[in-house]
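Please examine the structure shown below, and then follow the explanation that accompanies it.

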Amino acid sequence: MPTIWLVVSLFVLSAIGYFVGRNRALQSAGGDTRDLHSLPIYYGMNVALTALIPALSVLVIWVLAQPMIIDTQVSRTIPAELIPESSTRGLVMSDVRRVAEGLDLAVSLGGMTEADSQAINAETTDVRARLGEYGVALGSDVRPEVLKAAQTYRNLTATASLAMNLVVAVLAIGGLAFAYSKTHKDFRARNVVERGVLALLIFAASLAILTTVGIVFSMLFETLNFFSLHDWKDFFLGTTWAPNFRGDSELSILPLLWGTLYISFIALLVAVPVGLFAAVYLSEYASGATRAFAKPLLEILAGIPTIVYGLFALLTVGPMLVRVFGRGDNGLLGVEWMAGATSVLTAGIVMGIMLIPFVSSLSDDIINAVPQSMRDGSLGLGATKSETVRQVVLPAALPGIVGAVLLAASRAIGETMIVVMGAGAIAKFSLNPLESMTTITTRIVSQLTGDTDFASPETLVAFALGLTLFVLTLGLNVLALLIVRKYREQYE
Amino acid sequence: MSDISQTPENGSSKHAGSLLTPNPRTIKRNNAEKRFQVYGIAAIAVGLLMLVVLVTTILGKGVGAYSQTFITLDVELLEKKLDKKGTRNIDDIKKVTTFGYSPLIKNAFKTKVAELGIETDLKLKKQAALLSKSAAGQLRNYVIANPDMIGETVTFRFLTNSRVDGYMKGRVSRDSIANDKSVSSEQLDLVDELVAKGTIKKTFNIDFILGADASDQRPEAAGMGVSMLGSLSMMFVVLGLALPIGVAASIYLEEFAPQNWLTDIIEVNISNLAAVPSIVFGILGLAVFINYMHLPTSAPLVGGLVLTLMTLPTIIISTRASLKSVPPSIRDAALGVGASKMQAVFHHVLPLAAPGILTGTIIGLAQALGETAPLLLIGMVGFIASNAPDSVASGLLDPNSAMPAQIYEWAKRADPAFYERAWGGIIILLVFLVTMNTVAVILRRRFERRW
């Protein structure tokens, strides 16, 4: 990967810059640091950063932008009438990219020379078979225009990479020379360096925005692709989830949403009472020693990876439930209500256990924020401690607790591993908690793992599901934070 | 007291009780109080009980993976089978496939059984089926590494197959194999005899910790080592990216950011990102790093990038907290003796906040280490059967697995022998997490300063 070497040489260059800049500043002051405007390291840093930062940022932007620009360029070369009826430009472009990658691989394995890869002709050679020899599997035969576009694609990529190396090298050396020439004892190096560092800090902080933008856009584009292939009415309003890789699938979110909400509901049914009572006891009754002992232990439950809970659901809780509710006459209840270990109840219970510390520590904070004077007032009127808690503390803390429950609900909705392993894969509307059902996250995992074809609605639906999930959890979080914040203001 | 103060009519008769004997209403209220306390205690007990159940289940089911059943055999490395030309040419030796090695193992088994004087009606093929399918491969690797030993008789310790191992560990019983084609009751009789003679033994199995994954036919040979390396390289990526970026972002937000809408947006974004489901980061990684930037699938680099984005909010939040805990007097003193604002932060505030930052980073890393869902989407479940030294060199861009993803893979294979390994893998994962969290707690205790 030559880009790595480019980055390494940039860093080496900037290290050299540091030393030459520092020496030049010292020399201009005749070796006496007191004559310098700034400390010597700032002169070195100035040269090093001027050489490194512009070059590195151009490199990063180039690497990010190049595929997009080349895509549009190449896509323009394919005439609209050559795109088959059943296909779209995006689909043809993904074919083009795959052929280009195949050619790259063939060249790098030594099976083809660079000239071969340019001269190869779809009308005379069976490109699919030829690339198949190098382990490149193509879905269909390569049409001439696709091959031609793939060759253009490779040429453009090669030219662009060369240009990138040149531009980056020129920028780095130019930056170094520029900063070096400015290095003088009167140069205000510290101010310049500090301004540069501040810019870097701002950039780091805005990465959070970039990530959000990245999340939203990456899912939005693919979701739009999905809706161009699949009716949005079926997605939002249909009632059946039946992906079918031969096409003609019914992809509706409603059964998945039902499973998700049902499982989350059961999880909250477990977590909220247990977590809330634990929080009340810990903050109102427990002695310091009990609190110091029980609180960290409970919080361990929150630190256990979800894969562990998933395995626990699949191999311990599920079979245990089957022993109680299933197996006919051999079971504990002698009933045959549960066929397999995966069920809504299995996933719900285990997820509930996971959420206990989440609910308890959030509610604990909120209960502690209720002013002591309110408790004292209630106790002074003769209420018992539990009456105080029920009639004064909890009502006062209620908005905050609702916020905590909403946060827990958003956790439950977005939780993946427990439902992947414990909930099952059948999408249906059912009220029976002993049946297996499936959730949004489970379907995202199953649609996006294994061999995926990013041109089929069956794969792209995962992005629409992801976007729905993102919006759903984001909405819950914002609502919860608003409630919590409003409540806090009341007592401050 | 005013005249209209309520004086109960016949008050004396209504409240006739003494203070010393509680009236029914007081008893009811006191009982409600006690019940309420019991609910609280019960809730905590439920939570702690779940923790205990979880830990005992993991330990109870996982410890078995660390011991494995081995059989000791003396194999005669016949020259006519392994090197027909007798030239010890390594290329000729490599031409012999594992298929060619199995007769040697069968012979060795036959000799062993005869030597020990065990009578059995089983066919030799059935007898040798007690060994793991990896035995021939192990023998072949040995011969290729030591071609000089051809013609000699060498003592080997082979893995037995997973059913025999399960029998030794009590997972497989004579009742449970009634419908099992791969092992019969007669074979287990033979195992019993071999155990009695000391040929089959259950010992500690270091290969589970250091070895690579194995195909689903050979659960006895699967190990966690390679996926541990995968996780380790991802953690390096996360540490190398998330720590500097997170610290830089926190310094800006805490020390330099003006109160304006941009800062608000950044802060809202960070708190929202902290609550985004991890699988969404997986989708982001798939769409941006793999589909758009064409980075290789299953590469630790991509996994590390995704986990970096996921851990950044955690690190930023804890770093900001520890920067905030450094008192303003430190900054004022530094500015007072002529430091620039940047110097005050980098020379004084940052070093004082370092222990807190480190603690937060370790906790963030621990969170990233246990994360599974995003790794599934970017395909970090590469099946790596090569052993440790080969796969280390390959670096960040070659397919690898990660510990939680490996555990998930085993759990999916629906074989009790793999379930045992999944639980065993969880023990390793938890050992890492406990160690990291302990280090974080110790760091906090040791270096935390109260101002």
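**Helix pairs, chains and their contact**

In chain A, helix α2 (residues 40–77) and helix α6 (residues 144–182) have axes that come within 9 Å and cross at roughly 165 degrees. Angles over 145 degrees count as roughly antiparallel. For this reason α2(A) and α6(A) are described as roughly antiparallel to each other. The crossing in which α2(A) passes α6(A) is right-handed. As for the residues involved, the contact of α2(A) with α6(A) has 22 nonpolar and 8 polar residues, and no charged residues. These positions come from a predicted model, as do those discussed below.

The axes of helix α9 (residues 253–285) and helix α14 (residues 385–414) of chain A come within 10 Å and cross at roughly 140 degrees. The crossing of α9(A) and α14(A) is again to be given a hand, and that hand is right-handed. On the side of α9(A), the residues that make the contact include T260(A), S264(A), A267(A) and L268(A), and E284(A) is also among them. On the side of α14(A), they include K385(A), V389(A), I401(A) and V405(A). By class, the contact of α9(A) with α14(A) divides into 13 nonpolar, 2 polar and 2 charged residues.

Chain A is divided into domain 1, covering residues 2–191, and domain 2, covering residues 241–490. The C-alpha centres of domain 1 and domain 2 of chain A lie 46 Å apart. What dimensions does the C-alpha trace of chain A span along its principal axes? The spans are about 85 × 75 × 40 Å. The radius of gyration of chain A is 31 Å, whereas a compact globule of 492 residues would have one near 23 Å.

Attention now turns to chain B. There are 20 helices and 3 strands in chain B. Its division gives domain 1 (66–204) and domain 2 (225–447), and 45 Å separate the C-alpha centres of domain 1 and domain 2 of chain B. Along its principal axes, the C-alpha trace of chain B spans about 120 × 80 × 40 Å. Chain B has a radius of gyration of 33 Å, but a value near 22 Å would belong to a compact globule of 451 residues.

Helix α11(B) packs with helix α16 (residues 341–369) of chain B at an angle of about 140 degrees, and their axes are 10 Å apart. The two helices α11(B) and α16(B) are therefore oblique to each other. Their crossing is right-handed. From α11(B), the residues that meet α16(B) include S231(B), M235(B), V238(B) and L239(B); the residues they meet in α16(B) include V345(B), I357(B), T361(B) and G364(B). The contact of α11(B) with α16(B) has 12 nonpolar, 3 polar and 1 charged residues.

The last subject is the contact between the two chains. How many residues does each chain bring to this contact? Chain B gives 65 residues and chain A gives 66 residues. On the side of chain B that touches chain A, the elements giving two or more residues are α2 (24–62), α11 (225–256), α12 (261–273), α13 (278–292), α17 (373–377), α19 (403–412) and α20 (416–447) of chain B. Which of these elements gives the most? That element is α2(B), with 17 residues. By class, this side of chain B has 50 nonpolar, 13 polar and 2 charged residues.

Note on methods
Residues numbered from 1 in each chain as written. Chains lettered and ligands numbered in written order. Predicted model: local features only at pLDDT ≥ 70, side-chain atom pairs only at ≥ 80, totals over all residues. Domains from an automatic or database assignment. Contact = placed C-beta atoms within 7 Å. Helix = DSSP H or I, 4+ residues; strand = E, 2+ residues; numbered from the N terminus. Nonpolar A, V, L, I, M, F, W, Y, C, P; charged D, E, K, R; others polar. Axes fitted to C-alpha atoms, helices over the stretch in contact; angles between N-to-C directions. Parallel < 35°, antiparallel > 145°, perpendicular 65-115°, else oblique. Left-handed = near helix turned anticlockwise from the far one by under 90°. Rg over C-alpha atoms; globule rule 2.2 N^0.38 Å.
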